[in-house]
Amino acid sequence: MKLPKPSNFIEEIVVQDIKSGKHGGRVHTRFPPEPNGYLHIGHAKSIALNFGLAAKYGGITNLRFDDTNPAKEEQEYVDAIRKDIKWLGYDWGDREYYASDYFEQLYRMAIKLIKKGLAYVDDSTPEEIAHHKGTPTTKATPTPYRSRTIEENLDLFYRMRNGEFDDGSKVLRAKISLDSPNMHLRDPLLYRIKRAHHHRTGDKWCIYPMYDFAHGQSDSLEKITHSICTLEFLPHRPLYNWLIKQLEIFPSRQIEFARLNLTYAMMSKRKLLALVNEGIVHGWDDPRMLTISGLRRRGYTPSSIREFAHRIGIAKRDNMIDMALLEFVIREELNRIAMRVMVVTHPIKVTITNYPEGKEELLSIINNPEDESAGSREVPFSKNLYIEQEDFMENPPKKWFRLSPGGKARLKGAYIIQCDEVIKDSDGQVTELKCTYFHDSKSGQDQSGIKVRGVLHWVSAPHAYEGEVRLYDRLFKVENVGASDLPTEEIINPDSLIVVPNAKMEPALKNASPDTYYQFMRKGYFCIDPDSTDDKKVFNRTVTLKDGWKRKSTK
RNA sequence: UGGCCCAUGGUGUAAUGGUAACACAGCGGUUUUUGGUGCCGUCGUUCUAGGUUCGAGUCCUAGUGGGCCAACCA
């Protein structure tokens, strides 16, 4: 049997297990989100790992919602999570499970533990329990309830389920250790009383299992072979294994890897929720959010996100991935597939003084130089045009090869023009350029012999379609957001969204499609936002083009 | 300051006891009717000290640095 070469330490474990015949060579993973928020790019790493690993080694992957805390979980999140995983391109077949499906079995497992004398009902308050637990350097003192009899515990636990006690008045704890340096082994809580409406089980239960008494047991019930989670669960592993042993259930194996950290990004679901609730962003799918739904709306493709997950690799050391890598993978893909169009966001009027009034030409412009099959389209040209403000400088620096007084530049797919006169308003702002064009310099049949280095995008003024453009940039202005102590409002990038309500667009964009990825030439990659209407198209900037000039000139 | 995990260019990841490599970022050049793309080049890496070994990024010990753990969250 020929196995694919492992590309990280987890795959090495899997390969070893297959070779040794563990679980009959079966590989079964799971992705276990808690439905208390939307999935983000960090989850994409985990999804790609769990689904990718199984696919690579002939296994399967379950989707399991870890819904043991009804106070925080909602159906809306379940729906969003399912949609996002599908969109990313992964399929869990009919294996969609919920920890809440196992509540009855989990309850019976707890009974088993009590009967073995390995769990007890504790009446202490949270403060008392924390106090009794001690610290990593000091021993725990047993609470007075630790020595209750099995019969008493059985009766109490039954009555906990039966709703005879107030919320928080009792918990079920495992009886493991009073002095382990691993705090998770100092009689961890297994069940708590919480009267909250559960999005799936309704009001059937008033006791809910804790993570440690739900996750591993769900893994076992589903016969998961490799239960992959992030590093912060590493100290839970001894408890995970203890429960498998004492409960005598299927021995899933927990393996930990380092979660994703990204520069200029925030990955905590709790803080993401705060951004939404405080109105700092316009919802979970705000294109500035690094949620899957935000990235989708921003114009990222599923394959680019998968490629990103592949490139960042899997390891155990803490990492901080450069945002530039995420931008690289989407540029790489969009460069291949995006339709090139011309849009002027900050216009200056250009009048071609020697071009006949009322004349118009249709100029053929290629749609995608990277893809011949994309063909070409016709763009109208006339005497009155718009060009970008930043493509004209009155006092240009060295090596400037865009337009300047007396200077020449080519209009993309059209003619070479020369700037003859600069018209300003009373504030000294440039409002219009009077230019002449060279009639024999037409693109593709240039007989003029004039050489220019600058090529500008343009839009014919009488033909222009006015659409909205939303220029997105990174949400945070500090590199390591997680390490910042500053209040959120001080680290938010004030220019993370700049709206241009009336950008000048070539007329074809009136019929822009949500299924097409666009490159606004020389500006960046854009996609249609769902806010678009038939009358008003709205475009989101996914990412800018690399800008060699800006880099050089700001050095 | 108890225990556990981790340590390879600026950032990531590989090298499985035998010549430290790949990508991103940076820098330089070239091509170009997008200052985009492509192509070429360049920069720069094994935390420290001991030990084992013919040979150590890899194994052992200690140190140093970073991270995690004392929620009725997951």
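This is a predicted model: local features need pLDDT of at least 70, side-chain atom pairs count only at pLDDT 80 or more; totals for chains, interfaces and linings use all residues.
## Ground rules

Local features here need pLDDT of at least 70, and side-chain atom pairs count only at pLDDT 80 or more, while totals for chains, interfaces and linings use all residues; side-chain values use heavy atoms, with hydrogens and water left out. Residues are numbered from 1 along each chain as its sequence is written, and chains are lettered from A and ligands numbered from 1 in the order in which they are written.

Helices (H or I, at least four residues) and strands (E, at least two) are DSSP runs, numbered from the N terminus.

## Salt bridges

Side chains of opposite charge can pair when their charged atoms come close. Searching the whole structure for salt bridges (a side-chain nitrogen of Lys or Arg within 4 Å of a carboxyl oxygen of Asp or Glu) turns up 39 of them. One of these joins the side chains of E11 and K56, at 2.7 Å from N to O. E11 sits in helix α1 (residues 9–20) and K56 in helix α2 (residues 41–56), so this pair ties together parts that are 45 residues apart in sequence. For burial, the cut-offs on relative accessible area are under 20% for buried and over 50% for exposed, with partly exposed in between (1.4 Å probe, protein chains only). E11 is buried at 6%, whereas K56 is partly exposed at 28%.

K523 and E388 form another salt bridge, 3.3 Å from N to O. K523 belongs to the loop between β23 (518–520) and β24 (524–528), and E388 to strand β15 (residues 384–388), so here the pair links parts that are 135 residues apart in sequence. K523 is buried, with 16% relative accessibility, and E388 is buried as well, at 2%.

Then there's D531 with R470, whose side chains meet in a salt bridge at 2.8 Å, N to O. D531 is in the loop between β24 and β25 (538–544), and R470 is in strand β21 (residues 465–472), so this pair ties together parts that are 61 residues apart in sequence. D531 is partly exposed at 41% relative accessible area, while R470 is buried at 13%.

Two strands pair if DSSP finds at least two bridges between them. An open sheet of seven strands, with mixed pairing, runs in the order β10-β23-β24-β25-β21-β22-β11. Its edge strands, β10 (339–341) and β11 (343–344), each pair on one side only. β23 and β24 are antiparallel partners over three bridges, and the bridge partner of F520 in β24 is G524.

Helix α12 (residues 323–337) packs on this sheet, touching β10, β24 and β25, and its direction makes about 120 degrees with that of β25. Contact means heavy atoms within 4.5 Å. Axes are lines fitted to C-alpha atoms, for helices over the stretch in contact, and angles run from 0 to 180 degrees between N-to-C directions.

## Around RNA strand B

A residue counts as near the strand if one of its heavy atoms lies within 4 Å of it. There are 69 residues around RNA strand B, and E12, R317, M320, R340 and S443 come nearest. Of the RNA atoms within 4 Å of the protein, 63% belong to sugar or phosphate and the rest to bases. Helix α12 turns up again here: with four residues, α12 gives the most to the surface near RNA strand B. The elements that each supply at least two residues include α5 (126–133), β6 (189–193) and α11 (302–312).

Polar contacts are pairs of N or O atoms within 3.5 Å; within protein, one must be able to donate a hydrogen and the other to accept it, and residues adjacent in sequence count only if both atoms are side-chain atoms. A side-chain N or O atom of D66 is 3.2 Å from a sugar or linking oxygen of RNA strand B. G413 works through its backbone instead, with an N or O atom 3.1 Å from a base oxygen.

## Buried spots

F157, in helix α6 (residues 150–161), is buried at 0% relative accessibility. Leaving out residues up to four places away in sequence, F157 touches Y107, A110, I111, I114, V121, L172, Y191 and I207.

Strand β2 (residues 60–65) is mostly covered, with five of its six residues buried. β2 runs parallel to strand β1 (residues 28–31), and four bridges join the two; the bridge partner of R30 in β2 is N62.
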